[in-house]
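Work through the exercises below with the model open. Try each task before reading its solution.

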Amino acid sequence: MSLIFPGIDKQHIIKQALNSKSLQKLGKEHDAYIASLHPKKADKDMQGYIESAKRYYYNSPRILTKEDLVEFRESCKNKTPDEIFKKLGFEVAYTKDGSKVLSEYYWPFKTYSFKTAGIDEEKLLKDVKRIERNCDLTGSSLKSLGEVESIGKDLIIPIFGPLEDASSVKYIGRNIICESESGEEVLKKLEAINLNPEHFKGVINSYNPSRPGYCPALPSKMTDELKKMMAYYNK
């Protein structure tokens, strides 16, 4: 069974992943494997193919069977948050002041959730102050984002999710995704969780501009965006 990148054809790469090789090293070996499938392609074309395949390969959710879940729960027992992050395929680093930086945050499987896998997310995110890429709370049981101050790309919040407090977030590098048929619902959700970053460089619900909740503004502060949405729905 492979919990890290299942579905890959080469068993030796699976074995190396399970032996906790770095994602960077595993990625290089996978690049070489992809290249071996098309040895006649020109180098330039081959590089484009590799990058496209990597995006699909790494971003595609994997299926976790019931048997996988049982084994995964057992493997996470008595493990530190950093060890669990490694099992999930996330990279962890530390700044000079000792704060923790996480490559991204999301549930990486199509089935089950952090909770059903026996993972306490409050403890998992403890001391994490920065998330480099997306923070996707789909499948998450988090009620608070704890000490997270910076999210490098998108913050994805399910409209009926359990999140109650996002007041720690001061920076969002891209978009806030909170899908709903009603922009008013989105506004109420963002206000309810106290999401008010000092710097916000994207838009709200950019993924589907046909939805009523979409707002194309590019505000410097979240309060500007909220005021515009409030004015729109109070007409």
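Two strands pair if DSSP finds at least two bridges between them. Helices (H or I, at least four residues) and strands (E, at least two) are DSSP runs, numbered from the N terminus. The model is predicted: local features need pLDDT of at least 70, side-chain atom pairs count only at pLDDT 80 or more, and totals for chains, interfaces and linings use all residues. Residues are numbered from 1 along each chain as its sequence is written, and side-chain values use heavy atoms, with hydrogens and water left out.

**Exercise 1.** Give the strand order of the open sheet of six strands, then find its edges.

Solution. Step one: the order is β1-β2-β3-β5-β7-β9, and the pairing is mixed. Step two: β1 (92-94) and β9 (199-200) each have a single partner strand, so one side of each lacks a neighbour in the sheet. Step three: inside the sheet, β3 (residues 128-131) and β5 (residues 150-151) run parallel, joined by two bridges. Arg130 stands opposite Ser150 in β5.

**Exercise 2.** Which residues of helix α5 (residues 81-88) are buried, and what covers them?

Solution. Buried means under 20% relative accessible area, exposed over 50%, partly exposed in between (1.4 Å probe, protein chains only). Ile84, Phe85 and Leu88 qualify as buried. Down the axis of α5, they fall within an arc of 105° (taken from the directions from the helix axis to the C-beta atoms), so they line one face of the helix. Gly89 follows α5 with a positive phi, near 90°.

**Exercise 3.** Classify the ring pair of Phe90 and Tyr106.

Solution. Rings of Phe, Tyr and Trp (its six-membered ring) pair if their centres lie within 6.5 Å; planes under 30 degrees apart count as stacked, over 60 as edge-to-face and the rest as tilted. The count comes to seven aromatic pairs. For Phe90 and Tyr106 the centres are 5.2 Å apart and the planes at 45°, so the pair is tilted. Phe90 lies in the loop between α5 and β1, and Tyr106 in the loop between β2 and α6, so the pair ties together parts 16 residues apart in sequence. Phe90 is buried at 4% relative accessibility; Tyr106 is partly exposed at 22%.
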